[in-house]
Amino acid sequence: MQDVQEWRVSRQRLMKRRRDPVVVQALRSSAAATIAYVLALRLSPDDAPPLTAPLTALLVVQVTLYATLTNGIRRVNSVVAGVLVAIAFSLLVGLTWWSLALLIVASLAVGHLVRVDEYVPEVAISAMLVLGVTAVGDYAWARVVETLIGAVVGLAINVLLPPPVWVGEAGESIEGLARRVRQLMLSMGEEAAGRTPVERAAARLHEARRLDHDIVGVDAALRQAEDSLRLNPRVREGVLHRVVLRTGLDTLEICTVVLRVIARTLTDLAKERDPEPLFAPEIGASVEQLLSEIADAMVSFAVLVTAHVSENAESAEERLTTELRHAAATRDKLAQLLLEEVQRDARQWQLHGAVLTEVNRILDELDTEHRSRRLLEELDRVSQEQRERMPRLTRFRESMQGGRNRLAAVRRSR
C-alpha cells in the first residue's frame, strides 16, 4: 500500500514537472532550433553552416504564444536593420577600425529607432558579421533568410503545439499567498488574546514585511499567466481572466499592506503596555476571533478569484459573503468593547482606534460589492485602451459579436 502511495506521489510530481516553465522552455527551444537548422541547410543560399537559423529560433521561442510573436517580430527587425546598415557601410567606406566604430554607433542608434527593445545589440552584431565578409550581398541575403526561417519555425512550434495556459499556476500562487497571510493573522490573533512580549510582536511585524517578497513571486506568475492568455486560440474571454486575476492580486496586496500596519500597531501597543497584556481578556478574545474570521475570508476571496467553473465561483462567493458578515458582527462587538475600555482608561485610545480602522479597511477591500465595482471599472478601462490602440480590430470584434447575438436571437424566436 505504501509503495502504491509513493508511486502516485512520484507520478504527480512528474506530471507537475512536465508543466514546469523551465522544462517546457527547454523542450520547445531544442525542438525549434533543431528543425530550423535542418530547414536552413536546405534553403539557405550560403554554404556555411546556417547557425543563425537555430540561434533565432532559440531566442524567439518563449513559453507563451504572445511572447513568441512579440520576440519574433523584434528579432527579425533587428537582423534586417543590421544587414541594411552593413550594406550601406560596405558601399560607402568598407571595413576599417574607424568605420567599425561608426558602424556600431549607427547600428545601436538604428536599433533604438526601430524599437527592437532587448534586441538592440543584435542590430550591431548582425551589421558587424555582414560587414566582415567578402561577398556582402550573398552573406547578407543568407543571414536574412536564416533569420526568417528561425522566426517562422519558432512561431510554428507554438501554433502546432499550443503552449500551456498558466492560469492554474497563477491561481495556486494567489491561494498560497492568501494562506500565508491567513497563518500570520491567526498567530497575531492568538498573541493578541494574551500577554505578548515586544520581541514577539516585532517578529510578527517582520513576517508581515516579508510578505512583500511573496507578492513579487505571485506577480511574476501572474504576468506569465497574462501572457499565456493573450492571442491564445484555446482561451475565450482572456481579457476577463486577466482582469479577474490581476484585480484579485491587487486586493490581496492592499490587505497585506494593511496587515503590516496592524502588526506595527500591535508592536507599538506591546511597547506601551509591557508587561501587561495587549488587551483586556474579553477584548483580546474578540480581536482573536475577528482576525481568525478575516483570515478565513481572505482564503475564500482567493478561491473566488481563482475559481474557473461558475458553480465553484458561486459557492466561493456565498462562503465569502457569510464569513464577511460574521466578521462585521464581531467587528461591531469589538468596537463597543473598545469604546467602553477607552471610557475607563484612555491611555492607548489612538492605538485601539488604529486597530479598528485597519480592520475596517480589510473588510472593505474584501467586500463582494466593492470587488464587483472594481472589476467593472477595470474592464471598462481595458476595453477603452483596446479601442484607442486597435480601433479597427475592436470594431471588427464588436460586429462579429453583434452578428452572433442576432443569430442567437433568431434561433430563440424559432
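Glu-190 is exposed, because its relative accessibility is 54% (exposed means over 50% relative accessible area, buried under 20% and partly exposed in between, with a 1.4 Å probe and protein chains only). The residue belongs to helix H8, which covers residues 167-192; helices (H or I, at least four residues) and strands (E, at least two) are DSSP runs, numbered from the N terminus. The model is a predicted one, in which local features need pLDDT of at least 70 and side-chain atom pairs count only at pLDDT 80 or more, whereas totals for chains, interfaces and linings use all residues. Residues are numbered from 1 along each chain as its sequence is written, and side-chain values use heavy atoms, with hydrogens and water left out.

Helix H8 packs with helix H11 (residues 281-306) at an angle of about 175°, and the two axes are 8 Å apart. Axes are lines fitted to C-alpha atoms, for helices over the stretch in contact, and angles run from 0 to 180 degrees between N-to-C directions. H8 and H11 are therefore roughly antiparallel (angles over 145 degrees count as roughly antiparallel, under 35 as roughly parallel, 65 to 115 as roughly perpendicular and the rest as oblique). The contact of H8 with H11 comprises 15 nonpolar, 5 polar and 6 charged residues. In this classification Ala, Val, Leu, Ile, Met, Phe, Trp, Tyr, Cys and Pro count as nonpolar, Asp, Glu, Lys and Arg as charged, and the others, Gly among them, as polar.

Helix H11 also packs with helix H13 (residues 349-366), at an angle of about 25° and with the axes 11 Å apart. This angle makes H11 roughly parallel to H13. To the contact, H11 contributes Leu-290, Ile-294, Ala-297, Met-298 and Phe-301, while H13 contributes Val-359, Ile-362, Leu-363 and Leu-366; contact means heavy atoms within 4.5 Å. By class, the contact of H11 with H13 holds 9 nonpolar residues, no polar and no charged ones.

Glu-358 is located in helix H13. With a relative accessible area of 8%, Glu-358 is buried. Residues up to four places away in sequence aside, Glu-358 touches Val-258, Val-261 and Ile-262.

Arg-115 is placed in the loop between helix H5 (97-113) and helix H6 (120-131). Its relative accessibility of 69% is why Arg-115 counts as exposed. The phi of Arg-115 is positive, near 60°, in a residue other than glycine. Most residues other than glycine have a negative phi.

Overall, the protein contains 15 helices and 0 strands, and 42% of its 414 residues count as buried. Among contacts with a separation of 6 or more, 78% come from residues 24 or more positions apart.

The mean pLDDT of the protein is 77, and 77% of residues reach 70 or more; pLDDT is the predictor's confidence in each residue, from 0 to 100. Confidence is highest in H11, at a mean of 90, and lowest in helix H1 (residues 2-18), at 48. Residues 4-9 have pLDDT under 50 and show 0 contacts beyond four places in sequence. Where pLDDT is low, the predicted coordinates should not be read in detail.
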